[in-house]
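Thanks for making time this morning.

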Amino acid sequence: KNQALRENVFALVVCIENNIPLMIIGPPGSSKTLSFHLVANNMRGEDSTQEFFRYFKKVDVFHYRCSVHSTSNEIQAVFEAAKTRQKSNRKFNLNRSSIVYLDEAGLTEERTESLRILHFYLDDPEVGFVGITNNPLDAAKSNRAVSVFRSTPSLEDLTVLAFRWLQWQEHNNVLTGQLQLYIQGFCGP
């Protein structure tokens, strides 16, 4: 029921399955990281517990959390590890896909150009790529990937997310009302 989450999941499944680089851009709370983890934990190929995901490739995630101290060598090492795994998957004819996941990609320092290495890996991708960031990257990087822009989540989306996250059952109207007040207090304008 959370629109942002559903759209992110859709983009992730399509892009991962088809090896299309993807950037999800939006403010905190717009389900960027949650949607990636949901997809990565469910895209298990034939081993998936959800029948829908059994039709897709199994993913091997190569995670890198960016920071102001990130270097192009560190990012390159993650891509190279993913490429090595992907070559092995192909050699043994495994229905698997290696994915590089850059979390907080926008935190890198522009002056150090640590993300410039993405140009090489995204022009003719040998492995999947998903970048999550609060702010758009420059056009030279963003133009090499599908970009999904998220707006600030609505109070309704945050409420749905909180109820699902807490696995809340709406059978107790008093507690449900209190929970909605908490959500409004933390997430409202």
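Let me begin with a question: is G131 buried or exposed? In this model, which is a predicted one, G131 has a relative accessible area of 0%, and since buried is defined as under 20%, the residue counts as buried. G131 sits in strand 4, and, leaving aside residues up to four places away in sequence, G131 touches L22, M23, I24 and L102. From G131 to V100 the C-alpha to C-alpha distance is 8.1 Å, although 31 residues separate the two in sequence.

Five strands make up an open sheet, ordered 2-3-4-1-5, and the pairing is parallel. Strand 2 and strand 5, the latter covering 146-149, are at the edges with a single partner strand each, so one side of each has no neighbour in the sheet. From one strand to the next, the twist averages 20°. If we look at one pairing in detail, strand 3 and strand 4, which spans residues 128-133, run in the parallel sense and are joined over four bridges; V100 has F129 as its bridge partner in strand 4.

Two helices pack against these strands. Helix 2, residues 32-42, packs on the sheet and touches strand 1, strand 2, strand 3 and strand 4, with its direction making about 160° with that of strand 3. Helix 3, for its part, lies across strand 2, strand 3 and strand 4, and runs at about 170° to strand 3.

The largest nonpolar core has 21 residues, and the ones with the most contacts inside it are I75, F79, V100, L102, L118 and F129. At least two residues of this core come from each of strand 1 (22-25), strand 2 (58-65), helix 3 (72-91), strand 3 (96-103) and helix 4 (118-123). Which element gives the most to this core? That is helix 3, with four residues. Apart from this core lies another, of 19 residues, including M43, Y101, V130 and I132.

I would like to stay with F79 for a moment. Not counting residues up to four places away in sequence, F79 touches V100, L118, Y121, V127 and F129, and both F79 and Y121 are buried.

In one of them the ring centres of F52 and F53 are 5.1 Å apart and the planes stand at 80°, so the pair is classed as edge-to-face; F53 is itself buried, with a relative accessible area of 10%. The pair of F79 and Y121, in contrast, is stacked, with 4.4 Å centre to centre and 10° between the planes. This second pair links distant parts of the chain, F79 being in helix 3 and Y121 in helix 4, 42 residues apart. Through ring pairs, F79, F120, Y121 and F129 are linked into a cluster.

Finally, a word on confidence. The chain averages a pLDDT of 87, and 87% of the residues score at least 70. Which elements have the lowest and the highest mean pLDDT? Helix 7, residues 173-187, has the lowest, at 67, whereas strand 2 has the highest, at 97.

Conventions: Residues numbered from 1 in each chain as written. Predicted model: local features only at pLDDT ≥ 70, side-chain atom pairs only at ≥ 80, totals over all residues. Heavy atoms only, no water. Core = buried A, V, L, I, M, F, W, Y, C linked by side-chain atoms within 4.5 Å. Buried < 20%, exposed > 50% of the residue type's maximum accessible area, 1.4 Å probe, protein only. Contact = heavy atoms within 4.5 Å. pLDDT = per-residue confidence, 0-100. Phe/Tyr/Trp six-rings, centres within 6.5 Å; stacked < 30°, edge-to-face > 60°. Pairing = 2+ DSSP bridges. Axes fitted to C-alpha atoms, helices over the stretch in contact; angles between N-to-C directions.
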